[in-house]
Structure formats: C-alpha cells, structure tokens
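Please walk me through this protein.

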Amino acid sequence: MKITNIIVAALAVLIISACSVSMTMSGASIPENISTFSVQYFDNRAPLINPVLSQNFTEGLKDRISNESRLKLVNGTGNVDFSGEITGYSVRPMAIQADAVSAETRLSMTIKVRYKNYKDPKVNWESTFSAFRDFPSDQNINAVENDLTTEMIEEITENIFNKAFADW
C-alpha cells in the first residue's frame, strides 16, 4: 500500500513538473514563455474627474499582477501589456422614496482595458469592466469616496487579472 502511494505521488510530481503552464496560488495559468508585463497609464476620460483615480487605478493593476503572479513589471512594453482608459465615473441618486428624496447614492466606475499578449496575439482582447458601490445619501461623497474607489479598484483589477490569466 505504501509503495502504491509513493508511486502515485511520484507520478503526480512528474506530471505537474512536465506541464508547460505555471500555476500560481490565485489559480492563474500563465504560459512559461511569458515573464514580463507592463501597464500603461489609464487616462481618466470620464465626464466626472476624480484627480487621483487614474494614478490609483494604474498602480492598483500593477500591484495586483505583481502580487498574484510570477511576472516581472517592466517599463515600456512587456510580454503582455495592459492599456486603456477610465470611461465612466459617476455619482447618482438611487432608491428614490415617496417624498422624492434619495435614500441611497451610487458611485460607479467603468474601465476599458486592452490586453495584448505579444507572445500569442490570438489571445488579445478588449473589454469593459465596471463596479459600483451604494452608500447612504445622508453621507457626503467626500467622506466615503476614497474607501469606495479603493474597493472598486480592487474588484475591477481582480476581474481584469482573472480574464487575462485565469480564463474566467
């Protein structure tokens, strides 16, 4: 019985080491020939401008990929490159009550992303990602905006990472 377990374990190790795709703890499958990535600055082209959103989003995407993959960030263009723009950023009333007063307000963000894989151009894509957060209308947007945008950036960068590297 012990010999069978050892043989099965050895075969599993051989199969895993023979794979040409590396797996990370996040479930990402990144081909071995991809070793670098780049993230271009995401300009804010939304009608409503948050002055730090472009920088925060761009750095958030760099951090997500650096922390959840083995890829090395490079200036210029890496084996895979992310570019795009912030196309939507808005605050609007939600849950209008009978007295025509809003009970909640929604902060929304939309990002257009272009992914280029220079090692395998067949897998290039362009997609739009969005997120929103609702907050009580009696709160001032200035008091909650930073926390809410941080949450939305985390959600969107996770979705971008998954689309690029986890085939979600």
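A salt bridge is a side-chain nitrogen of Lys or Arg within 4 Å of a carboxyl oxygen of Asp or Glu. Side chains of opposite charge can pair when their charged atoms come close. By this rule the count here comes to 10 salt bridges.

This is a predicted model, where local features need pLDDT of at least 70, side-chain atom pairs count only at pLDDT 80 or more, and totals for chains, interfaces and linings use all residues. Residues are numbered from 1 along each chain as its sequence is written, and side-chain values use heavy atoms, with hydrogens and water left out.

Start with helix α2, residues 53-68. Helices (H or I, at least four residues) and strands (E, at least two) are DSSP runs, numbered from the N terminus. Helix α2 has 16 residues and reaches 22 Å from its first C-alpha to its last. That is close to the 22 Å expected at 1.5 Å a residue; the expected span is 1.5 Å times one less than the number of residues.

An α-helix has 3.6 residues a turn, so residues three or four places apart point the same way. Lys 62 is buried, because its relative accessible area is 18%. Glu 59 has 29%, so it is partly exposed. Other buried residues of α2 include Leu 53, Phe 57 and Ile 65.

Now turn to the strands. Strand β7 (residues 102-117) and β8 run antiparallel and are joined by 12 bridges. Two strands pair if DSSP finds at least two bridges between them. Arg 106 stands opposite Asp 134 in β8.

Which way do the side chains of β8 (residues 125-136) point? They alternate. Trp 125, Ser 127, Phe 129, Ala 131, Arg 133 and Phe 135 point to one face and are buried.

Glu 126 forms a salt bridge with Lys 112, with the closest N and O atoms 3.3 Å apart. This pair links distant parts of the chain: Glu 126 is in β8 and Lys 112 is in β7, 14 residues apart. Glu 126 counts as partly exposed because its relative accessibility is 48%. Lys 112 is at 27%, so it is partly exposed too. Elsewhere, Asp 43, Arg 45, Glu 85 and Arg 114 are linked in a network of salt bridges.

Aromatic rings come next. Rings of Phe, Tyr and Trp (its six-membered ring) pair if their centres lie within 6.5 Å; planes under 30 degrees apart count as stacked, over 60 as edge-to-face and the rest as tilted. The count comes to 7 aromatic pairs. Phe 42 and Phe 57 form an edge-to-face pair, 4.9 Å centre to centre with 70° between the planes. Both Phe 42 and Phe 57 are buried. Trp 125 and Phe 129 also pair edge-to-face, at 5.9 Å and 65°. Ring pairs link Trp 125 and Phe 129 into a cluster with Phe 82, Tyr 115, Phe 161 and Phe 165.

Notes: Buried < 20%, exposed > 50% of the residue type's maximum accessible area, 1.4 Å probe, protein only.
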